[in-house]
Amino acid sequence: VLSAFLGLLLMTVHAAAQDLVVIASSASGIKTGQIVKSGAALDVPAGANVTLVSQSGKTIMLKGPFSGVPGGGSGGGGDKSLVSSLSKLLSASGSKSASLGAMRSGIAKDPDNPWAVDIGRSGTHCVPAGGPVTLWRGDAAKASSIRSKNMTAGAKAELAWPAGAKTLDWPAEATVADNNTYLLRLKNKKSATKVVLHLVPAELPSAPHKAVWMAEKGCVKQAKHLLSSLN
């Protein structure tokens, strides 16, 4: 009876443990996107740092020297699909080209804010449902103005963009709506940027959950940026 009870207890503990995924690592032998099985130990050398996310979306930061089971190997609940989805996202090819330090025509780096709408990049952008929504430009040396048009609803707006300001609040007249298409054009620019906005649900329980949702909508660069902000 005792052996059966102990066996059941061990099974319960194992079920409560969660798999983890590495979202950032400066340790050799521990790669970004690597899945760490529940109960498995990690060795992080002195001077190195590793950040992991659990099945429930909890972030665990390890600072070397560390040797042991991250997070104690406990904590029930969660969803293994979160870990596997994050692993696929972070292990995908082309991550170097999407690095946060990449320069665009030597003008500026990418936005510091993972939620900002880069007016120099056409394509899909994800923004938080309920806002705020922010526009970002790489070259803020001169004063300008930006015209926006909601191609789906037809609403138009124009706002002044002061010199030195890299960001600007989204114009209220060009209503933010899910899956709507917008044209954004800076004054004196020959071409406009065409973006499609997706509103990230506020009820998603954690930033990692939001990153997976964003990646599924095509906002891969923003999703990686959001994860990097957890380090």
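Predicted model: local features only at pLDDT ≥ 70, side-chain atom pairs only at ≥ 80, totals over all residues.
Student: What makes Cys-126 and Cys-219 a disulfide?

Tutor: The cut-off is a pair of cysteine sulfur atoms within 2.5 Å. Here the sulfur atoms of Cys-126 and Cys-219 are 2.2 Å apart, and the pair is therefore a disulfide. The link is right-handed, with 85 degrees about the S-S bond. Cys-126 sits in strand S8 and Cys-219 in the loop between H3 and helix H4 (220–228), so the pair ties together parts that are 93 residues apart in sequence. From C-alpha to C-alpha, Cys-219 and Cys-126 are 6.1 Å apart in space. The structure holds one disulfide.

Student: How do you know whether Cys-126 is buried or exposed?

Tutor: Compare its accessibility with the limits: buried means under 20% relative accessible area, exposed over 50%, and partly exposed in between (1.4 Å probe, protein chains only). Cys-126 has 0%, so Cys-126 is buried. Cys-219 has 2% and therefore counts as buried too.

Student: Now the sheet. How do you know which strands pair with S13 and S14?

Tutor: Two strands pair if DSSP finds at least two bridges between them. Strand S13 (residues 180–186) and strand S14 (residues 193–200) share five bridges and run in the antiparallel sense, so they qualify as a pair. Thr-181, for example, stands opposite Val-196 in S14. As background, strands of a sheet pair through backbone hydrogen bonds, either parallel or antiparallel.

Student: What makes S8 and S11 edge strands?

Tutor: The open sheet has five strands in the order S8-S14-S13-S10-S11, with mixed pairing. Strand S8 (123–128) and strand S11 (156–161) each pair on one side only, which puts them at the edges. From one strand to the next, the twist averages 30 degrees.

Student: Where does helix H3 lie?

Tutor: Helix H3 (residues 207–216) lies across S8 and S14, running at about 140 degrees to S14. Axes are lines fitted to C-alpha atoms, for helices over the stretch in contact, and angles run from 0 to 180 degrees between N-to-C directions.

Student: Why is the pair of Trp-170 and Tyr-182 given its aromatic label?

Tutor: Rings of Phe, Tyr and Trp (its six-membered ring) pair if their centres lie within 6.5 Å; planes under 30 degrees apart count as stacked, over 60 as edge-to-face and the rest as tilted. Trp-170 and Tyr-182 have 5.0 Å centre to centre and 90 degrees between the planes, so the pair is edge-to-face. Trp-170 is in the loop between strand S12 (167–169) and S13, and Tyr-182 is in strand S13, 12 residues apart. Trp-170 is buried at 9%, and Tyr-182 is buried at 0%.

Student: What makes Lys-80 and Asp-19 a salt bridge?

Tutor: The rule asks for a side-chain nitrogen of Lys or Arg within 4 Å of a carboxyl oxygen of Asp or Glu. The closest N and O atoms of Lys-80 and Asp-19 are 3.9 Å apart, so the pair passes. Lys-80 belongs to helix H2 (residues 80–91) and Asp-19 to the loop between helix H1 (2–16) and strand S1 (20–25), 61 residues apart. Lys-80 is exposed at 52%, while Asp-19 is buried at 6%.

Student: How many salt bridges does the rule give?

Tutor: The count comes to four. Among them is the bridge of Glu-158 and Arg-147, at 3.4 Å from N to O. Glu-158 lies in strand S11 and Arg-147 in strand S10 (residues 144–150), 11 residues apart in sequence. Salt bridges that share partners also join Asp-19, Lys-37 and Lys-80 into one network.

Conventions:
Residues numbered from 1 in each chain as written. Heavy atoms only, no water. Helix = DSSP H or I, 4+ residues; strand = E, 2+ residues; numbered from the N terminus. Contact = heavy atoms within 4.5 Å.
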